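Reader: I'm new to this one. Could you show it to me and take my questions as they come?

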Amino acid sequence: MKAAFLYNFANFSEWPEATFRGSDAPLIVGILGEDPFGHHLNALKGQSVNGRTLEIKHFTKTEDIIACHILFISSQQQKHIAQVLETLKDAPVLTVGNELEELRLSGCIINFVIVKNKIRFEINRASAERAGLDISSQLLSVATVINHNRE
């Protein structure tokens, strides 16, 4: 289910054109830490997202994460969230956390949450704007929207 959400996040978000190396450059989804998606995310590899081919990359080192457009940060990386977000400071990367305890303070753009045994998500609109990303009003309408800048 979360893999499908990542695909939809890509479809309902816009990056500055200068983010891509060319009109045929892929949209890269990165996974930092443990991959909870298994084959579900791999099934999305090669799909078209707004005219760009979707690529999946796995990262183990924080310094490599700047090479993606969407970054899923696994739960095990929560203790390193400040370092991860500092590495991406003001970069046009859509950061997606997995049930982060304090999205409002972390600066992560999207956070999966469980509400009444269902997967939902929060969007930190201030963080998205700081990263230069435009989140569709359609996506915002189904999210819990938070407007908080990281201190």
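Author: Let's start with N98: its relative accessibility is 8%, so N98 counts as buried (under 20% relative accessible area; 1.4 Å probe, protein chains only). This is a predicted model, where local features need pLDDT of at least 70, side-chain atom pairs count only at pLDDT 80 or more, and totals for chains, interfaces and linings use all residues. Residues are numbered from 1 along each chain as its sequence is written, and side-chain values use heavy atoms, leaving out hydrogens and water.

Reader: What kind of pair do the rings of F9 and F121 make?

Author: Rings of Phe, Tyr and Trp (its six-membered ring) pair if their centres lie within 6.5 Å; planes under 30 degrees apart are stacked, over 60 edge-to-face, the rest tilted. For F9 and F121 the centres are 5.0 Å apart and the planes at 70°, so the pair is edge-to-face.

Reader: Are F9 and F121 buried or exposed?

Author: The two rings also belong to one aromatic cluster, with F5, F37, F72 and F112. Both F9 and F121 are buried.

Methods
Buried < 20%, exposed > 50% of the residue type's maximum accessible area, 1.4 Å probe, protein only.
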